Amino acid sequence: MIFTGPDESPIAVDRYPDWRSRFGERADRLELEIGCGHGGFALAHARRWPDRALVGIEQRRAFAVDLAARAEARGLGNLLVLQGDARRLAPRLFPAGALAAIHVHFPDPWWKRRHLPRRLVDGGMATLLAGLLRPGGLLDLRTDVERYAVDAAARLEAAGLRNEAGPGGFAPAAPDELPSTRERRYLETGQPVWRLRLRRP
Ligand SMILES: C[S@@+](CC[C@H](N)C(=O)[O-])C[C@H]1O[C@@H](n2cnc3c(N)ncnc32)[C@H](O)[C@@H]1O
């Protein structure tokens, strides 16, 4: 695990981590999950795709520590959990074009107008995420908040990503989709989920 300081100050990194020495050939298919929460997706994804590497960034220390321990207990060497703010960490961890996929599932909605700047997918973050994807790389965003999905689609498309469902469109649930912890609950209750799948051209 890498920890930021208690004040969330960024870690000092003067060069990008050597992902190949950490993950071996799996680094050829490097993916990022932002806000893993209790880690249902990260654990299932790492188990299903042993030939891929997944880096999970989770802001809440207790969640990150618990998920890292569960990954280690399950022998998932292809999953690395980091604690910190992905907005600060991601540009320090990955060079442009490094990622085959980025997963963002049920980002906090921050409803109040004065809290809107806290939203994960703002204009700056959309540009950052688009730039971190390699050509053909996938941005997989899921949310239970329709307005968030509409807003994120517009921002990500403006950042240059191509929406698989057409401009402003939402993707259907894939039959083999791995649900996140929160999504599992929604699948049981039938609560709607808006899915965005966009690719870097
Ligand atoms: C609503 S929860 C969803 C958790 C999980 N993705 C799921 O679907 O079950 C949002 C998670 O994102 C984390 N988070 C919010 N902002 C973050 C940031 N800037 N960097 C990393 N994690 C963040 C929160 O701590 C929380 O665990």
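Hi everyone, let me begin with a glycine: just after helix H6, Gly160 takes a positive phi of about 105 degrees. Helices here (H or I, at least four residues) and strands (E, at least two) are DSSP runs, numbered from the N terminus. Before I go on, please keep in mind that this is a predicted model, where local features need pLDDT of at least 70 and side-chain atom pairs count only at pLDDT 80 or more, while totals for chains, interfaces and linings use all residues. Residues are numbered from 1 along each chain as its sequence is written, and side-chain values use heavy atoms, with hydrogens and water left out.

H6 runs over residues 146-158, 13 residues in all, and reaches 18 Å from its first C-alpha to its last. That is close to the 18 Å expected at 1.5 Å a residue, where the expected span is 1.5 Å times one less than the number of residues. Which residues of H6 are buried? They are Tyr148, Ala149, Ala152, Ala153 and Leu156. Buried, by the way, means under 20% relative accessible area, exposed means over 50%, and partly exposed is in between, with a 1.4 Å probe and protein chains only.

Two strands pair if DSSP finds at least two bridges between them.

Let's look at E2, residues 53-58. Six of its six residues are buried, so E2 is largely enclosed by the rest of the structure. Ala53, Val55 and Ile57 point one way, Leu54, Gly56 and Glu58 the other.

What are E2's neighbours? Strand E1 (residues 30-34) pairs with E2 in the parallel sense over five bridges, with Leu30 opposite Ala53. From E1 the chain crosses through helix H2 (residues 40-48) to E2, and this β-α-β crossover is right-handed. Right-handed here means that, with the strands pointing away from the viewer, the path from the first strand over the helix to the second runs clockwise. E2 also pairs in the parallel sense with strand E3 (residues 79-83), over five bridges, and Leu82 in E3 is the bridge partner of Ile57. Here the chain crosses from E2 through helix H3 (residues 61-73) to E3, and that β-α-β crossover is right-handed. E3 is mostly covered, with five of its five residues buried.

On to the packing. In soluble globular proteins, nonpolar side chains tend to be buried together. A nonpolar core here is a set of buried Ala, Val, Leu, Ile, Met, Phe, Trp, Tyr and Cys residues joined through side-chain atoms within 4.5 Å. The largest one has 38 residues, and Trp19, Ile34, Phe94, Ile102 and Leu139 touch the most other members. Its largest share, six residues, comes from H5. Apart from this core lies another, of 12 residues, among them Cys36, Leu43, Leu67 and Ala68. Trp19 touches Gly24, Ala27, Leu30, Val55, Leu80, Leu93 and Phe94, not counting residues up to four places away in sequence; contact means heavy atoms within 4.5 Å.

Leaving out residues up to four places away in sequence, Arg52 touches Arg26, Arg29, Glu31, His45 and Asn78. Arg182, found in helix H7 (residues 181-189), counts as partly exposed at 37% relative accessibility. Arg182 and Phe106 are 76 residues apart in sequence and 7.5 Å apart in space, C-alpha to C-alpha. With residues up to four places away in sequence not counted, Arg182 touches Phe106 and Asp144.
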